[in-house]
Every structure is written in structure tokens, then in C-alpha cells.
Amino acid sequence: MSDKSEIPPSGVGVIDKAMTIMGALESGPADLTTLVAATGIPRPTLHRLAAALIHHRLLTKDERSRYVLGHRIGELAAAMGGDDPLAVVAPDTLRWLAEMTGESTQVYRRQGDLRLCVATAERPVGFRDTIPIGSRFSMKAGSAAQVFLAWEDQDEMVSGLDGAVFSASTLAQVRRQGWAQTVAEREDGVGSVSAPIRAANGKVVAAVSMSGPVDRITRHPGKLHATSVVAAAHRISDLYQNYSA
């Protein structure tokens with residue numbers, strides 16, 4: 001994923017520990033006990049530093065009270081002036097999708113064996129399934145991963161299925177219906193629906209997703225939200241193509 005493990009300590013202990021905590025959360029949410037084990041930082045120290053990071057919005061907590069990376073990180077990344085057109089054209093549509101579904105929404109790009117969140121919008125109210133910009137996830141699980149692989153050529157699909165939790169028949173269904181859904185595939189208790197974003201030549205360049213807890217979106221989230229997710233994918237595809245023309 002990243003080369004953070006190769007960066008030597010700076011000599012400023014509190015900053016080094018804060019970066020260690022955030023680095024441990026790069027792979028996903030974690031509770032306090034898990035973070036202590038992953039970082040080696042004493043529990044009282046970690047709890048105090050995490051509270052400070054939450055204050056500055058570098059961390060937050062999800063609805064299961066686990067620590068996750070905060071949206072301030074995405075805001076800082078955006079301020080760097082990245083040139084990804086999806087980060088420019090997608091936000092308004094993601095906010096519309098969040099309002100339509102009542103859940104958090106994301107756009108992912110593929111980066112080799114990972115997928116990267118390049119744009120996101122929070123659900124309008126209540127507890128949130130927070131996925132900050134810059135989050136990376138495996139291509140072996142999740143509805144967005146299925147979308148990326150479903151339209152790959154045969155060799156790439158076979159390679160991608162090695163170690164995946166979904167099957168070739170799942171990808172065939174995704175191609176037929178034009179969207180993917182998962183329930184507790186990437187993370188227990190969380191479901192999602194995704195659809196492809198396409199370039200002018202029809203190539204899948206990204207995936208738009210909505211995600212939320214199963215007790216809200218049910219075990220068949222596609223029945224509730226596929227129509228809205230596909231509409232958002234078409235809208236972002238049009239904007240992307242016009243922007244890139």
C-alpha cells in the first residue's frame with residue numbers, strides 16, 4: 001500500500017505516534033484495543049492522542065465506535081490540487097446520491113490490486129459509514145471491486161478472481177444487470193451498491209458506490225438503491241467525458 005513503514009522517526013515523539021496511529025487506520029476501522037496492538041503505543045497515550053486527532057478532524061469514529069481516518073485528511077489532499085477530473089466532477093452527484101439513498105457515497109479508481117477513494121459525500125443525517133478520500137481497499141472484496149473486474153478481459157478477470165471472495169458467476173450477473181451489490185463482503189455489518197463510470201470509449205474508469213449498515217440498507221440493497229446508483233454513474237460518466245474532451 002504505502003511506504004510509511006520505511007520512514008524513520010522524526011525525533012518528535014508525539015508526531016511520530018500520531019502518524020503511527022493514522023497509518024494503522026489506513027487499512028480500515030479499528031477499535032482502541034486493536035490500535036494498541038497494532039501500534040505498540042500504551043493505551044492511555046493512544047487514547048489521549050486519538051482524542052486530539054478527533055478534535056482536529058484527522059480521525060473520527062464510525063457508528064460502531066471504531067476509529068477511522070477523518071475528513072480533514074481528504075480536505076488537505078484536495079488542497080494539493082490533484083488533477084483527477086473525477087474529484088472535480090463527481091461531488092455534486094455524490095451529494096445528490098447521498099440524499100436519495102440516505103447513505104454515504106463514494107467514487108473509486110483502481111490502482112493495481114487496490115481501489116482508491118477519490119471523492120465522497122456523507123449521508124445527510126445520523127450515524128455515518130465514513131470513508132475518507134484517499135482510503136484504499138482490496139480488489140478482492142466489495143461491490144466496487146466487482147464492478148472493476150466485471151468488465152475486464154478474460155485474463156485480467158481470472159487473475160483478479162484469485163483469492164477474491166466473489167466468483168465468476170457473480171461477475172457475470174454484474175455485467176447482465178449493470179451494477180453490483182454486497183452484504184458483509186468487505187466488512188461485517190456493512191453493505192454496498194456500485195455501478196461503473198465509463199470513459200467516452202466505454203471503458204470502465206471508476207465506480208460509484210453507496211454504503212451503509214445492513215440494518216438500514218437491508219440484505220438486498222440493490223432492490224432499494226440500484227436505480228439511484230446507476231443514475232449517478234451515468235451522470236458522472238457524462239460529466240467526466242465532457243470534462244476530458
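**Note on the predicted model**

1. Confidence comes first: the protein averages a pLDDT of 88, and 91% of the residues score at least 70, where pLDDT is the predictor's confidence in each residue, from 0 to 100. This is a predicted model, in which local features need pLDDT of at least 70 and side-chain atom pairs count only at pLDDT 80 or more, while totals for chains, interfaces and linings use all residues. Residues are numbered from 1 along each chain as its sequence is written, and side-chain values use heavy atoms, with hydrogens and water left out.

2. Over residues 1-5 the pLDDT stays under 50, and the model has 7 contacts for them beyond four places in sequence, a contact being heavy atoms within 4.5 Å. Where pLDDT is low, the predicted coordinates should not be read in detail.

3. An unreviewed UniProt entry lists residues 12-71 as "domain: HTH iclR-type"; UniProt positions are given in the numbering used here, feature names are shortened, and annotations may be inferred rather than shown by experiment. Over residues 12-71 the chain is 57% helix and 10% strand, with the end C-alpha atoms 24 Å apart. Helices (H or I, at least four residues) and strands (E, at least two) are DSSP runs, numbered from the N terminus.

4. In helix 6 (residues 91-101), the buried residues are Thr 93, Leu 94, Leu 97, Ala 98 and Thr 101; buried means under 20% relative accessible area, exposed over 50%, and partly exposed in between (1.4 Å probe, protein chains only). Seen down the helix axis, these buried residues fall within an arc of 145°, so they line one face of helix 6, the arc being that of the directions from the helix axis to the C-beta atoms. The face turned away from the buried side of helix 6 carries the exposed residues Asp 92 and Glu 99. Strand 3 (104-111), strand 4, strand 8 (204-213) and helix 11 (221-244) are among the elements that cover the buried residues.

5. Thr 120 is found in strand 4 (residues 114-121). Its side chain reaches the backbone oxygen of Thr 105 at 3.0 Å and that of Ile 131 at 3.5 Å. Not counting residues up to four places away in sequence, Thr 120 touches residues including His 71, Leu 94 and Ile 133.

6. Arg 57, in the loop between helix 3 (43-55) and strand 1 (59-61), has a positive phi of about 65°, and Arg 57 is partly exposed, with a relative accessible area of 40%. Ala 184, in the loop between strand 6 (180-183) and strand 7 (190-198), has a positive phi near 55°.

Terms used: Polar contact = N/O pair within 3.5 Å; in protein donor to acceptor, adjacent residues only side chain to side chain.
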